[in-house]
Structures are given as structure tokens and as C-alpha cells.
Amino acid sequence: MDFLPKKLFLITLIAAFMIGCSPAPKETKSIAEMSDMELTAMADSLAQTFIIVDGHVDLPYRMNVKGFMITKTVEDVSVETAGNFDYPKAKKGGLDAPFMSIYVPSRYQETGGAKDFADSLIDMVSRVPVSFPKLFAMANTPADIEGNFKQGLISLPMGMENGAPIEDDIKNVKYFFDRGIRYITLTHSRDNQICDSSYDTTYTWNGVSPFGEEVIAEMNKWGIMVDISHVTDSAAYDALRLTKAPVIASHSSARKFTPGFERNMPDDLIMAMAENGGVIHINFGSTFLSKESQDKFDKMREDLTNYRAENNLASDDSIYTAYANQYAIDNEVYEDVQKVADHIDHVVSLVGIDHVAFGSDYDGVGNSLPKGLKDVSTYPNLIKELLKRGYSPEEIEQICYKNTFRVWKKVQQVAQELQSDI
């Protein structure tokens with residue numbers, strides 16, 4: 001269903017009301033003529049009117065760290081929490097469909113138990129709508145998200161961060177599809193049985209492994225999006241060569257701003273992904289946004305380590321945490337919302353508006369989020385910045401969800417075609 005006519009009508013009415021004129025479009029101000037207050041109101045309106053999808057939010061692992069997996073309960077995210085994501089923040093920011101990251105640390109590749117751990121996180125996510133049925137709902141398709149949106153529910157689609165839980169059994173691809181996984185990040189911080197990691201230096205496969213080729217084919221067959229965040233460039237190019245459907249990068253940024261940081265995507269890879277029809281979801285973490293911030297964080301880690309040692313303090317000591325927070329502020333280690341918009345601008349200048357989206361990594365990048373984007377209540381700040389830079393409401397709608405939906409629907413279509421050939 002296309003929501004655009006209703007949305008644009010609402011936006012026109014709001015703009016007209018704000019400037020005290022009739023709702024006739026010819027009498028409303030252009031975006032360029034709006035005051036800062038008017039732009040803020042328009043950004044808030046767009047955030048509430050459009051579906052907002054975020055490619056990567058780490059609530060499941062956050063709940064695991066806090067012990068909810070052990071107790072087989074869920075954190076009360078119906079109220080304000082100390083984390084980046086909860087219901088009040090999401091409603092304020094207009095977030096409708098955060099992909100819940102089923103993050104499986106690379107250590108499980110050595111210890112075993114990756115599949116069981118992934119299952120436990122999936123179980124935990126599934127309990128959230130059961131615990132709060134009037135606030136959240138699971139979602140396996142774009143149509144599910146649209147239906148939930150109409151009911152005012154926040155959708156919880158799931159992506160699995162690290163293909164390690166597939167283990168060495170190709171049947172587990174279908175198993176995780178049946179459990180609700182709709183994208184798989186092929187690896188995480190170390191090379192695994194599928195491909196090489198951008199954080200590793202081993203280059204076990206020099207790209208995608210023979211088994212990884214089977215995994216990608218099976219993902220195409222069942223309708224799981226191939227996620228090339230975290231992989232090496234060679235693995236990403238292999239994935240693009242192998243896949244029959246568009247890919248995503250669920251939480252990566254542009255390497256142009258972070259030279260030498262393979263975790264981000266270089267221009268040639270962004271262009272290749274666009275030719276494939278894919279979408280890069282921009283990561284909000286400050287160290288993903290600029291080399292300057294990376295250098296400041298490196299120095300901060302060194303200085304804070306020395307401070308703890310000199311004062312015999314633990315990392316959770318209140319004296320230390322207060323010092324560390326003030327250090328970060330005084331040394332301006334954080335980037336800002338404008339830098340996230342710079343990454344979006346860069347992708348758009350390279351390959352057009354169709355290939356960029358949000359992939360914040362909220363609750364996953366720790367205390368590194370930029371000024372103006374500290375939690376999920378703040379998407380309007382980014383939308384406002386995009387309006388100021390000349391993006392139209394239609395273009396912002398693409399970034400908010402339509403680009404991701406296009407890829408997801410194409411992946412579903414390819415799966416149906418492949419299954420019909422069986």
C-alpha cells in the first residue's frame with residue numbers, strides 16, 4: 001500500500017498551520033524559507049508519518065548482558081530505560097521497525113554452542129510482544145510492518161549478526177528462516193566457516209568459502225537478505241558475484257571518511273552494491289563516521305587506561321566513570337548529526353537516493369554515538385538535517401524505509417522464483 005498521498009497532504013496542512021496561512025500548496029513556504037522551528041516541526045511530522053526502519057539495533061544482546069536470557073524474561077522496554085532503545089524513545093523518534101540483531105560473538109566459533117545461543121536470543125525477542133502485546137509485534141515481511149504500523153505497533157523484524165550459528169549444516173539456513181531471521185550478516189569479528197571478517201587479519205578464504213557459496217545460494221532460495229557488513233572487501237565482492245538477489249550492508253558507513261578502516265565500505269564497493277540493487281544502512285557510531293573521531297577515541301582509551309592504573313580504579317568505579325564521561329566531553333570525541341548526513345550525502349552523490357538507509361547500531365556501539373543522535377528518540381534530528389540540505393520528503397521517505405523494503409521485496413521475489421524451479 002502506498003502511504004504517500006496521505007502523508008504529503010498531512011505535511012502540507014502542518015506547514016500551512018505553522019505559518020498561519022490557508023492549506024493551499026501555493027501559499028505554503030518552501031523548505032528553504034522555513035525557520036529553524038518550522039523545520040523542527042516538519043521533521044517531527046515526517047518521523048511520525050513515515051515508517052522508519054533501522055537496519056541494526058542490539059537490544060537482544062543488551063538484554064542478554066543484563067541476565068534476561070538466564071531468567072527467561074525480558075527487560076521492561078515499555079518504559080524509559082538507560083539503553084538507547086525502548087518504547088517511549090522509539091515512539092518519540094518515530095522508529096517503527098528496528099531490526100533486532102541476533103548477535104552471536106565470534107567466541108562461539110571456538111567454544112561451540114553458536115546455534116543454541118542464537119536460538120536463545122530469538123526466544124528472548126519473541127517474548128517482547130508477548131510481554132507487551134499492545135506495544136510491539138513480530139514482523140517477517142514488509143507487509144507485516146505496514147500492518148503493524150497501521151495499528152500503532154512497533155515491529156521487531158530480526159537479522160542474525162554472524163553466520164556462525166549455521167555451523168556446518170546447510171539445513172540451518174532454512175531453520176533460521178523459519179525462526180524469523182530475515183538477514184544474516186555473513187560473519188562478525190573473526191573469519192568463520194562462511195567468509196573472512198574485516199576485523200580479522202587471517203584471510204582464511206580470501207573471500208567467501210566453498211561452504212559460504214552454498215549458504216548464499218540457500219539464503220537466496222528461502223528469502224534471507226545477504227548482509228555484507230563486517231566482511232572483507234574480497235568477501236563482499238564474492239557475495240555480490242554469487243547472489244541472485246540484492247544485498248544489504250545493515251550497519252556500515254563510507255570508508256571515504258575513515259581511510260584504512262575496512263569495516264566501512266569503499267566507493268567502488270558501494271557502486272558495485274548499487275549495481276546489484278542493494279542498500280547501505282549508515283552506522284551512527286562516531287568511530288564509523290570520521291578518522292578524527294577514531295584518533296580521539298584511541299587517545300582517550302590510552303589516557304583512561306593510564307588514569308585507572310595510576311589511581312587503582314576499576315572500570316565501573318563511580319570516580320572513574322565520572323572522569324571518563326567528562327574527558328569525552330572536554331576532548332570532543334563525539335561526532336555529530338551533520339557527519340551522519342555527510343555519509344548519506346556521499347552515498348547519494350555516488351549512486352543516487354535509492355541505495356542508502358539508516359543502520360544506527362544503537363545499543364551496539366557503546367558510548368560512541370554522535371551528538372544529536374544519542375538514542376532512538378532522535379531520528380527527527382537527522383531528518384531535519386536532511387531537509388536543510390535540500391532532501392525532499394519523498395527522498396527522506398526512501399531513506400526511512402522504502403529503499404529497504406524494495407530490497408526485501410526483491411529478495412522475497414527471487415526466493416519464490418527459485419523455489420518454483422525445484
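**Strand β9 and beyond**

Modeller: Ile248 stands opposite Val279 in β9. This is a predicted model, where local features need pLDDT of at least 70, side-chain atom pairs count only at pLDDT 80 or more, and totals for chains, interfaces and linings use all residues. Residues are numbered from 1 along each chain as its sequence is written, and side-chain values use heavy atoms, with hydrogens and water left out.

Strand β8 (residues 248-249) pairs with β9 in the parallel sense over 2 bridges. Helices (H or I, at least four residues) and strands (E, at least two) are DSSP runs, numbered from the N terminus. Pairing requires at least two DSSP bridges between two strands. β10 (residues 356-358) is also joined to β9, in parallel, by 3 bridges. There, Ile280 has Val356 as its bridge partner.

Now the faces of β9 (residues 279-282). Val279 and His281 point one way, Ile280 and Ile282 the other, and all are buried. Buried means under 20% relative accessible area, exposed over 50%, and partly exposed in between (1.4 Å probe, protein chains only). In a regular strand, side chains alternate between the two faces of the sheet.

Right-handed here means that, with the strands pointing away from the viewer, the path from the first strand over the helix to the second runs clockwise.

α12 (267-276) leads on to helix α11. Along with α10 (210-222) and β7 (225-227), α12 is included in what covers the buried residues of α11. Of the 10 residues of α11, 7 are buried. Among them are Ala235, Ala236, Leu240 and Leu242. Asp238 also lies in α11 (residues 233-242). Asp238 counts as buried because its relative accessibility is 17%. Asp238 touches Asn206, Gly207 and Val208, leaving aside residues up to four places away in sequence. Contact means heavy atoms within 4.5 Å.

Strand β5 (residues 158-161) can be read in the same way. Met158 and Met160 on one side are buried, and so are Gly159 and Glu161 on the other. Strand β2 (residues 97-103) runs parallel to β5, joined by 4 bridges. Ser101 has Gly159 as its bridge partner. β6 (residues 181-185) pairs with β5 over 4 bridges, again in the parallel sense. Met160 stands opposite Ile184 of β6. With helix α9 (residues 171-178), β5 and β6 make a right-handed β-α-β unit.

Next, the nonpolar cores. Such a core is a set of buried Ala, Val, Leu, Ile, Met, Phe, Trp, Tyr and Cys residues joined through side-chain atoms within 4.5 Å. The largest has 121 residues, and Phe136 and Ile228 have the most contacts inside it. Helix α18 (residues 393-420) gives the most to this core, with 9 residues. A second, separate core of 11 residues includes Met300, Tyr307, Ala324 and Val333.

α18 also packs against helix α8 (residues 142-150), at an angle of about 135° and with axes 10 Å apart. α8 is therefore oblique to α18. Angles under 35 degrees count as roughly parallel, over 145 as roughly antiparallel, 65 to 115 as roughly perpendicular, and the rest as oblique. Axes are lines fitted to C-alpha atoms, for helices over the stretch in contact, and angles run from 0 to 180 degrees between N-to-C directions. Pro142, Ile145 and Glu146 of α8 meet Phe405, Trp408, Lys409 and Gln412 of α18.
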